[in-house]
Structure formats: C-alpha cells, structure tokens
Amino acid sequence: MDFRRKSKARLERRPEYENLEQNYKHNVLLYRMPPTEDIKIQEFEDLALERLKVLRIMEQAQTKGLRFLSDDWKEYVHDELSREGLKGYLRLCTNGGNTATNNISKHEFELQARRRDYISHFILRLAYCRTQELKSWFIAREMELFKYKFSAMTPAEIKHFLELHNLNYVPLTSEQKNAVKDGLIESTVGQSVAKIEMLDFYKVPFTQVLDLVRSRRCYIKHGQAYVNTHDFISIVGAKQMEEIEHGLKSAQRLIREVETDERLFALLKSLHTSYTGKDYTVGKDVKVPIESIDQLSKKSFPLCMRICHEHLRTAHHMKYDGRMQYGLFLKGIGVTLEDAIRFWREEFTKKMDPEKFAKSYQYNIEHNYGKKGSLKDYAPFSCGKIIQENVVQGSANGCPYKYYDQSTLKQKLAAAGLGTAHIQEVAGLAAKHHYQLACAKYFQITHETSQEVAINHPNHYYIQSQELMGNRVEKKPSTASQRKPIKSIQATQDNSMYMNADDDDELWNIAEATQKSLDATQTEAASKKDIAWEDDDLDLTAIDC
C-alpha cells in the first residue's frame, strides 16, 4: 500500500482573474480609490440597480423593526437576497474574508462579486451626492451593508483586513490585558471570564467609538477605550463612514461634468425612485373577471386604486394619467384585454357614444397591452412611480397619502371603513411623509392582521391581500431552493460561530439554484431590449470620487 501523502491539486487561475485578485483582495473593502476600468453603459446601469436592490433590502429590514444584526434581521436579509437572486452579495455578506481556494468556479465568482460590489458603490455615490436627504439615506444603508459583511469575519480575518488596509491597530499584549483585566471583565457583557481572556482587545481614543461609550460596551481609562474583537466593527465603521462622506463631497463637485452625458444624467437623476422589484407585467397565473372588480376594490385594492375605481364608477370618465395608472394595475392583476375594453367601454359610454369611445380611447387600452403601436408590453406602475406622479385637478391618479390634505385623506379612510383611532394612525404616518408605511398600516387594519408587510407596488398589495384571504395560493420555492434557518451567531471565540464548509456549500447551492431561474428570465428580457448605445464604453477613471 502507498502511504505517501497526496498533494492537493494546484488551483489554476486564469490571467483575467489574477488582475481582479490584485484589485479586490478581500470580500470586505474600504471604498477608498475609485475603480479605473472602462465599463459599458448597460453594465453601469445594471450594477447600479443591483446594488440599489441590496440597499432597499436593508431599508425594509429596518422598516420591519428588526434589531440590526440580530438573528431575525440576518435571516430576513439572507432570505431577501436569496429571493432576489443576489447571489454575489449573499456570498460577500456571509463568507467573511474567506476565499474559495479549493474550487475554481467559486473563487472566480467571488472575485467577480467583489468587483461588482466595489464599482457599484462608486456609481451610487454619483446618484446620491445631490441632496442632504439622499446622502443621509445612502450613508445609513451603506453602513448597514458594510457592518453586515464585517460581522461575518473571524478574528483572524479581521487581523488580515487591518493589515490589508494599513490600519495600525495592534491587539493588547498579555501584560497589557492583565493590567486592565478587572475593567475588561466588568465592561464585556455576556461573556465568561475564560472567554474574555481569550478575546483580543484594542486600545483606541474613546472619541472613535462614541457609540460603544454611549451604550457602555467598552472600558475607558485615561481617555483610551478598550474594544474587543466583536465590537471592533465600530472602529472600522467610523473609518468607512469618513471615506463615504468624503467621497460624496468629491462626487458632488464633479456631478455637473458627469451629467454632460445625457444618458448618465437621466439614469442618475431617476435612480433613487427606480423600481427594482417584480414588474407584474401580466397576471398569467390567474384571470380576474370584470364582474368581480367592485367587490375586489373594497377588499384587496390599495387605497390609490380603490379611489381610481370609485372615481370611474362615479364620473364615468377618467383622465389619461388615471387611466394609465388604473388600467395597467387591472392588467397586472389578471384582467384580459377583451374584458378591459368591455369594462372601460361600459363606463365611458354612459357619457359618450360607442363610436367616440372606439375612436378616442380603445386604442390606448390595446396599446397598453402591447397589441398596437410599439407593441411594448407595459408594466403596472410601482409605488415609487405613483408617488412621483404629477397630479392635476380632477384627476384620480397619484398617491393619496402624498397628494391629499389631511382632511380629505381622513374622509377617504373613513369611507373605507376605518375607525377614528386607525384613521389618526394612518394619517399620522402620511403627515410625516411615510407614504408606503401608511399604506402598509392601511393593509394591516383593513385585513385585521398583525402581519408585517412591505408595500412597494400596488399589484404586490393585491397579491398579498388575496393570499391572506385564501383566494390565492402563495407560490412556494422549490425544494432545491429551500434552506434551513441560519444558526444563531454568538459573539464567542468558539469555531462554531463561523460558517463551516458544509454551510458554505449549502449556501452556494441554494443561491446557484435561484440564480439559474433569474438568469433565464433576464436572458429572455434582454433579447427583447433594444439598446442603441450597446457598444459605448464609460471611462470610470475620469470620475474621481
């Protein structure tokens, strides 16, 4: 028998990935220097929208009241990243500083994920440098993403991270720890003395960790704060925030120059209000007869669509913007073209003859369904688009939580059956400009449920309503894409707190199955999309931010 040790096969890396490895050396990076490569403008847009999806998931977790980095928060964010097919970000957020050195495809995928993460951050700086409100939103979400990625690292990976970024923080020696041992034990909550002795501690000026000082999670002596490895994220987070704030100021100084390109101007200006969820182009899985719309409008329509429906039934007419908003919504829930024409004709012909309807209005309905004109299959409006709509006198379109004054809004809520206390609650959220939160609260009240919902599209509101009432079966993910809950990550020195190889492979397989489905959908959509500037390159070296 041959007892000689067999050497592992050497990982062969393709030349194009060696350059990526030099530029993006870690899953968690400080965004210091802008990227220097040229990218196509279509990739520019794709990277921006992909990252925006991630940041909105962070925002939704906050909206649901989940404590940041708690097990529930991590599970929600993990599920949403997986559901949206954001496999690259999922890996960066859960794999710490590890590199898949024993699997060439995993390693190359991880390098590409690092690249997309890095470039997309600088793209969004250009979109969010315009106003203080946009800056604040961007910084808050970016810091949540950064801390989520950082929290997955082991102490050894944190040391590597510090060396890589030339952050001169050195752990205390045994002698230095013993000198302040009592203070470290008293200030480190939730750890035994034995585990505290195993932890690394760093000494920094207390002004760098004011959040830890405020929550009494560090020991302070002579103006120096003693911070353990698990709370070190506060120190690095402050460095990252400084980088982002400085970068936004640089981007703001250069934004006028960047916007001389009309293609970039349109994209960057509208990016924050871009809808990044499902488009609900057509309800293929269910058909809704128009005879049921009156009943559905009272039970399953969001307030904006209920108002549209009541306006149409009362006035027997609707202006163009209202017809677009309501007509595409009906299309999305499953009203067929034939039924849509019949529905609008029956109302409009109460005030006009059928010939005028056919000549002036029927074409628009057929156009929205992709049967006339450009043959484009138009998607229903998202909440973001409806909130941004311009509303004129006598029109039924727009978001009622934004455009109605408090008195009118309360009348509409009362007409929908809400009690005084509930009306005050919903109207109060609207008064604070939390329009989608007001809509979510309206959903909970009208459906008598405590279930937390995130409303970002009227058609999603309708689907959630139907599922809750049992009229529609929620589509379950395939067995391959189902996963076990992530185990609680405790702040200990045990190896059990980090993902092992089996967990990593499980995560990879889950995300890969999700991505295959997403790629098939995107490929089909891309084949229909005509991009006039397909071959244009964008030089990122000219953007110093």
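**Close-ups of a predicted model**

A search of the whole structure turns up 25 salt bridges, each one a side-chain nitrogen of Lys or Arg within 4 Å of a carboxyl oxygen of Asp or Glu. This is a predicted model, so local features need pLDDT of at least 70 and side-chain atom pairs count only at pLDDT 80 or more, while totals for chains, interfaces and linings use all residues. Residues are numbered from 1 along each chain as its sequence is written, and side-chain values use heavy atoms, with hydrogens and water left out.

**View 1. The protein chain as a whole.** The protein chain has 26 helices and 5 strands; these are DSSP runs, numbered from the N terminus, with helices being H or I of at least four residues and strands E of at least two. Of its 545 residues, 47% count as buried. Here buried means under 20% relative accessible area, exposed over 50%, and partly exposed in between (1.4 Å probe, protein chains only). The protein chain exposes about 28,700 Å², and carbon and sulfur atoms supply 49% of that. Areas like this come from the Shrake-Rupley method with a 1.4 Å probe; for residues, only the protein chains shown count as cover.

**View 2. Glu110 and Arg114 in helix α5.** The two side chains meet in a salt bridge, at 3.5 Å from N to O. Glu110 and Arg114 are 4 residues apart in helix α5 (residues 104–127), so about one helical turn separates them. Glu110 counts as buried at 1% relative accessibility, and Arg114 is buried too, at 2%.

View 3. Glu310 and Arg306 meet through their side chains at 3.1 Å, N to O, in a salt bridge. Both sit in helix α15 (residues 303–315), 4 residues apart, or about one turn of the helix. Arg306 is buried at 8% relative accessible area, whereas Glu310 counts as partly exposed at 34%. Arg313 forms a salt bridge with Glu347, the closest N and O atoms being 2.4 Å apart. Arg313 lies in helix α15 and Glu347 in helix α17 (residues 337–348), so this pair ties together parts that are 34 residues apart in sequence. Arg313 is partly exposed at 28% relative accessibility, but Glu347 is buried at 2%.

**View 4. Leu330 and its neighbours.** Leu330 lies in helix α16 (residues 320–333) and is buried, with a relative accessible area of 3%. Leaving aside residues up to four places away in sequence, Leu330 touches Ile293, Phe301, Val335 and Phe343; contact means heavy atoms within 4.5 Å.

**View 5. A nonpolar patch on the surface.** Phe206, Leu210 and Ile220 form this patch, with about 240 Å² of accessible area together. Patches are made of residues with over 30% relative accessible area and no salt bridge; like charges are joined within 9 Å, and nonpolar side chains (Val, Leu, Ile, Met, Phe, Trp, Tyr) within 5 Å. Leu210 lies in helix α11 (residues 210–214) and counts as partly exposed at 41% relative accessibility.

View 6. The structure holds 0 disulfides, a disulfide being a pair of cysteine sulfur atoms within 2.5 Å. For Cys308, the closest cysteine sulfur is 6.6 Å away in Cys304, too far for a bond. Cys308 is buried, with a relative accessible area of 0%.
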